[in-house]
Amino acid sequence: MEAVHDVSFEVADKEFVAIVGPSGCGKSTILNMLGGLVTPSEGAIELDGRPVADVPPNVGYVFQKDTVFPWRTVRRNIALGLEYRGVRGDEQERRVREGVRLAGLEGFEDAFPATLSGGMRQRVALMRTLVVDPEILLMDEPFGALDTHTKLTLHAELLSVWEARHQTVVFVTHDLSEAITLADRIIVMTRRPGRVKLVHDVGIPRPRDVIKLRETEEYAHEYSVIWRVLGEELAEPGGVQGDMRNAAAAHLGSGHPPRPPASRPPLE
Amino acid sequence: MTERAWVLCWRLLILVVLVGAWEWLTGIKAISTTPGLYWIDPFFVSRPSVILRRFAYLASGEVRLSIWAMALSTVQSTLWGFVVGVSTGFAAGLVLGRRDRLARVFEPFIIAFNSLPRIALVPLITMIFGFGLLAKIVLAWTIVFFIVFFNTFQGARGVDADLIHSARFLGASERQVMRTVIVPSALAWTFAALTPSVSFALIGVVVGEFLGGETGGGLGYLIIQSLGTLNAADMMVALLTLGVIGIVMALGIKQVERRLLRWRPEYRTGA
């Protein structure tokens with residue numbers, strides 16, 4: 001089964017790129033190829049001019065699924081990457097404490113993940129990745145399972161971290177609002193097998209306020225421009241698009257755009 | 001009354017009723033004029049009061065082989081068999097669980113050996129290892145190994161691939177993945193096998209002791225001796241002592257499990 005077809009794009013250093021597209025369009029496959037988890041059947045992935053063969057160093061990956069280790073406390077989860085890299089003692093402790101503080105999890109250091117909410121667990125996962133200071137961050141719908149409020153809080157946190165450290169980020173999502181809020185550039189994918197449909201530069205200046213942003217004209221403009229293209233993808237006939245269109249439209253509509261974009265497909 | 005106290009009260013009550021009924025029923029004569037004829041004959045099932053007396057006697061210094069020495073011997077063999085069986089089973093389960101090809105190669109051998117009724121091996125093991133401690137350990141091992149092996153194998157196989165990937169992205173080497181992801185994931189499965197393993201280790205040891213003779217004779221020896229002398233009371237002393245040993249060992253394992261698996265939600269409360 002072909003997940004993506006003839007996909008080609010470049011991500012610049014320190015750039016925040018979001019990939020959006022309908023469910024099953026191969027967004028996650030692209031990310032897995034970037035991370036060296038999946039080898040492309042044709043073509044190549046290059047990082048700084050060298051082909052990606054295995055899991056590259058200095059790449060952090062945040063999964064959609066909860067991958068916090070349930071048998072480790074918050075503190076020891078955040079310490080994982082440092083432990084693997086042989087950072088021990090005071091240095092480890094200092095960086096873990098910093099991570100716990102950034103994640104807003106003070107007081108929960110010795111809690112096991114089973115006692116935390118989904119949002120807190122995803123914060124741990126994010127901080128566990130950030131604490132080793134990766135240059136490249138691959139994020140596969142990391143906030144997909146969270147409620148809107150928690151999501152917005154984590155958007156703000158991610159942006160503030162990113163503005164301080166400027167990692168190169170590739171962020172996969174099916175939530176258009178999320179993509180506009182976070183990214184410099186948005187890659188819109190077609191339905192399976194996914195191809196690049198549109199590459200769009202987000203013209204919203206930084207720093208961005210994740211809440212106020214949504215009331216601005218620019219946001220509405222960006223949303224409607226991309227939605228027009230993405231909407232076509234959801235509305236095109238053929239395949240399983242019947243309920244997928246509804247499902248995807250429901251997801252994509254969850255970001256409360258200021259006004260309904262003109263080209264929004266009718267939900268029958 | 002707390003939940004705990006309530007449960008404890010009922011347990012005590014049931015115990016008292018059972019022991020009382022035993023004592024009482026074995027005291028009723030079937031036909032009052034014929035001596036020695038009972039509804040339930042204490043010759044076969046003994047009586048609590050007699051058992052207690054025999055226990056006191058066997059526990060005293062008057063006997064050559066005291067009940068303490070026998071219990072100690074049984075516990076020792078069981079623990080050895082358990083420890084050896086668990087550690088080898090765990091190691092083998094981890095390795096084969098993560099090496100698909102190796103697992104495929106060994107599969108028929110493991111299944112074949114595991115299908116053998118272990119009791120059929122007793123004479124062979126005795127022939128090879130003699131009547132001592134070693135034979136009992138080997139016998140317990142042949143059972144415990146497989147229980148632990150199969151569970152650990154399943155556990156090691158079922159480790160969430162995304163957990164392994166996320167460890168790799170955090171910079172883990174092959175060995176670090178093993179230590180920080182696969183071992184802890186598999187442990188939950190392994191622990192599920194430990195309580196039955198204790199019972200099975202005990203079975204292996206007691207069967208070994210049936211043949212073992214007096215040297216290092218444990219409770220199994222006492223049982224066989226009692227059969228020879230048709231002494232139900234002594235047999236009951238051995239059986240009850242085995243029961244107590246089983247309970248204590250199972251409780252010990254529960255404690256270790258509680259501590260090592262305290263991250264699991266089901267151990268959070270009251271731990």
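Which residues lie nearest the centre of the largest pocket, and how many residues line the pocket? The legends below take up this question and then turn to the interfaces. This is a predicted model, in which local features need pLDDT of at least 70 and side-chain atom pairs count only at pLDDT 80 or more, while totals for chains, interfaces and linings use all residues; side-chain values use heavy atoms, with hydrogens and water left out. Residues are numbered from 1 along each chain as its sequence is written, and chains are lettered from A in the order in which they are written.

**View 1. The largest pocket and its lining.** The lining consists of 47 residues, and F9(A), L34(A), A44(A), I45(A) and E46(A) are those nearest the centre. A pocket here is an open set of points on a 1 Å grid over the protein atoms alone, where a 1.4 Å probe fits and protein lies on both sides within 12 Å along at least five of seven lines, and its lining residues have an atom within 4 Å of a point. The space inside amounts to about 1,400 Å³, a volume being the space filled by probe spheres set on the points, which are joined across faces, edges and corners. Helix 1 of chain A provides the largest share of the lining, four residues, where helices (H or I, at least four residues) and strands (E, at least two) are DSSP runs numbered from the N terminus. By class, the lining has 24 nonpolar, ten polar and 13 charged residues; Ala, Val, Leu, Ile, Met, Phe, Trp, Tyr, Cys and Pro count as nonpolar, Asp, Glu, Lys and Arg as charged, and the others, Gly among them, as polar.

**View 2. The second largest pocket, with L15(B), V19(B), L240(B), V244(B) and I247(B) closest to its centre.** This pocket holds about 760 Å³ of space and is lined by 20 residues, which by class are 17 nonpolar, two polar and one charged. Helix 11 of chain B gives the most to this lining, with eight residues, and helix 1 (3-25) and helix 3 (48-59) of chain B each supply at least two. Domain 1 (1-45) and domain 2 (48-267) of chain B each contribute at least three residues to the lining, the domain bounds coming from an automatic or database domain assignment.

**View 3. The interface of chain A and chain B.** Here 25 residues of chain A are in contact with 21 residues of chain B, contact meaning heavy atoms within 4.5 Å. The buried area, which is the accessible area (1.4 Å probe) that two parts lose on being put together, summed over both, is about 2,200 Å², with carbon and sulfur atoms giving 67%. Three salt bridges are found across this interface, each defined by a side-chain nitrogen of Lys or Arg within 4 Å of a carboxyl oxygen of Asp or Glu. R168(B) and D54(A) form a salt bridge through their side chains, at 3.0 Å from N to O.

**View 4. The domain interface within chain B.** Seven residues of domain 1 of chain B are in contact with six residues of domain 2 of chain B, and the two domains bury about 560 Å² between them, 73% of it on carbon and sulfur atoms. W22(B), E23(B) and F43(B) supply 74% of the area that domain 1 of chain B buries against domain 2 of chain B.
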